[in-house]
Every structure is written in structure tokens, then in C-alpha cells.
Amino acid sequence: MKAAVIRNLHEPLVIEEVEKPQAGPGEVIVQLKAASLNHRDVWIQKGLYPKITTPIIPGSDGAGIVSEVGEGVDPAWIGKEVLINPSHNWGDNQAFYGADHKILGLPDNGTFAEFVKVEARYLVKKPAYLSFEQAATLPLGALTAWRALHTRANFQSGDKVLVTGAGGGVALFVIQFAIEAGAEVWVTSGSDQKIQKAIELGAKGGMNYKNPTWFRDLLVKARGPKLGYFNVIIDSAGGPGFAKLIDIAAPGARICFYGGGTGNITDIVPAKVFFKQLNILGTTMGTEAEFQEMIQFVEEKEIIPIIDTVFPLDEAEKALRLMDSGQQFGKIVLTI
């Protein structure tokens, strides 16, 4: 089969013919029709992820058709259009994944290929109204967004929500989920154009974080009280700017972050946190139950994922470089 392979770290993806996987007991083979990119794929290529082994076929997100089933798997799966939950072996503790947890695409070969092998338990029927390209955007990003917003930040009807870094895949899913749940949503971005696109999706407004006074200006724009306005803040950046989120958080707010793209969190004033009774939460990925909840919500609301660019599998390296640039608004997809 054809696959995009990381042969060595810090080198471009190579398109080559590799051995097609075989389904073992409890496993299936999915003939992939589309895959989508995540920053994780770039970090693996750059050697910025733990326990990397090469060669490896990256890719955590994929949608396709079940072509083979292994022993013990219901043959009715054959021919079904599916997407794949990439969060494997979470474990029994819903609050934290166990020692055996892994994400599709490392250490196991991922979805940047014509076929992928997974356990049948991680298959979900593709929402019928979505194309393969649209469905392939959901697994990692939408699962992370769902857990961040609902499980960790405990979103409630009537909460005022701020989403930082509008334009990234997870951030956009948080925006869409919160809007569909009836929230008032605001955003930040380093691009005025991305802020405008978020407003077109239903966000009430936003502020460019490149403006040194963005956090004060945002409170004025949102007509929030001096003590802060946002009950839920979902962040992907971390870094020095995280301290400003504390300033604009409402008393009792939940601030949940799933990334650290701008570095370590610094300059937090403890008194601002404890006097406002704030909750600062970390998250990544999610459980099988959360994946099912997320897909059910997507189907009920008929949410259409936002796609920035579609590339053929042969241009997977070009797609990775676009991801690395941070210029996209929405998911980057490979057709296979």
C-alpha cells in the first residue's frame, strides 16, 4: 500500500510502498478515504514528542470503509463507512488515562496511508451527512475539544465562553460546540481575519492578542465587570499571556488548557487565583464514552467541521508545512 512515512526525524515525509497491515483477533482493516492533520504530527516529525520510534506512518485522524475483519469481529462491519477513535487504552479511571494509553499514529502506524489497522472497539459509524473529508477532521480535535469544554471545564448553559487561538482545529470545535449549546462565545487570535471568520460562525466578537492591551479591551468590548467576565476559558497557548486570562476570568471561572504553543506559563499572581476561586485545569484527548457523546452531539446538531485546505496523500509533506506555519483556519485534510 502507499503511505507517507517519517523515515528519520527532522526529515520530510517520504511517499513509499509499504506492507499492508493484516487484521488480528479483535482488529479490523480500514481502507482510508481521508485523513486530517494535527500539530502532533509536526511535533513527531521534529522529534518533540516522547518515545518516538522510526520509521512511522503518522496520522491520528481518519475516515474510510472497513475492508477486512479479524477473528471475533462481527463481519457486518465490512463495507461500513467509519471514523476511528484515536484515543486507545484509556483505562478505568475516567479522570486520567492509564499507563497503557496511546494515540493512533505513534507508536502504532497511523492514517497517512491507504489502509490502517485498529481494534474494532474504536470504530464509530461515520455521520451520514458528512463527507469522508469532513468526518476525518473530527477524531482527535473534536474529542479534545469536547472533554475540555464539557468534562473538565464543566460548561453550563448561560456560561460566557472565551476561546483563544481561533483558527486551530481544536479551538474551532470548541467554538462550534459552545455556540450550538447556546453559549455566548468570544475569541482571541493573532489575525483579524480569523476573528472575523469566527464571528461569521456565530462568535459574538473577539480581540487580537497582538495588541498589548487586548485583555482590557476585550472586557470593555464584552461590557464585562472589572472582576472579569468569562466563566469558561479554553486555551491552547499557555505562555506569558496565560496570566492575562486570569484577569478576565469571572469569579469561580474554569480555565482549561490543552496546549502550550507559546511556552511555559509565567507571572501568575496567586492572590488573583485564590481570591477569585478560579479553577485551572489541564486536559488532553478523552475517553471512549466522551468520543461517543461527541459524535452524538455532532450528529444531533449536524455540525459541519471547518476545513482549510485539502491535499492528496502524495502532498502530505506540503500539508505538514502548512500546519507548521499556523496560517490555516480549520483542519488540513489528506484525500487518499
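Proline 251 lies in strand β14 (residues 249-257); helices (H or I, at least four residues) and strands (E, at least two) are DSSP runs, numbered from the N terminus. The model is predicted: local features need pLDDT of at least 70, side-chain atom pairs count only at pLDDT 80 or more, and totals for chains, interfaces and linings use all residues. Residues are numbered from 1 along each chain as its sequence is written, and side-chain values use heavy atoms, with hydrogens and water left out.

**Proline 251**

- Leaving aside residues up to four places away in sequence, proline 251 touches Leu227 and Lys276, where contact means heavy atoms within 4.5 Å.
- From proline 251 to glutamate 114 the distance is 50 Å, C-alpha to C-alpha, and the two residues are 137 residues apart in sequence.

**Overall form**

- The protein has ten helices and 17 strands.
- Its radius of gyration is 20 Å, close to the 20 Å that the globule rule gives for 336 residues, so the protein is as compact as a globular protein of that length. This radius is taken over C-alpha atoms, and the rule is 2.2 Å times the number of residues to the power 0.38.
- The C-alpha trace spans about 60 × 40 × 40 Å along the principal axes of the protein.
- Of contacts between residues at least 6 apart in sequence, 69% join residues at least 24 apart.

**Helix α4**

- Helix α4 (residues 169-180) has twelve residues and reaches 17 Å from its first C-alpha to its last, close to the 16 Å expected at 1.5 Å a residue; the expected span is 1.5 Å times one less than the number of residues.
- Ten of the twelve residues of α4 are buried, so the helix is largely enclosed by the rest of the structure. Among them are Gly169, Leu172, Phe173 and Phe177.
- Glycine 182, which follows α4, has a positive phi, near 95 degrees.

**Helix α3**

- Helix α3 (residues 139-152) has 14 residues and reaches 18 Å from its first C-alpha to its last, close to the 20 Å expected at 1.5 Å a residue.
- Because eleven of the 14 residues of α3 are buried, this helix is largely enclosed by the rest of the structure. The buried residues include Pro139, Trp146 and Arg147.

Terms used
Buried means under 20% relative accessible area, exposed over 50%, partly exposed in between (1.4 Å probe, protein chains only).
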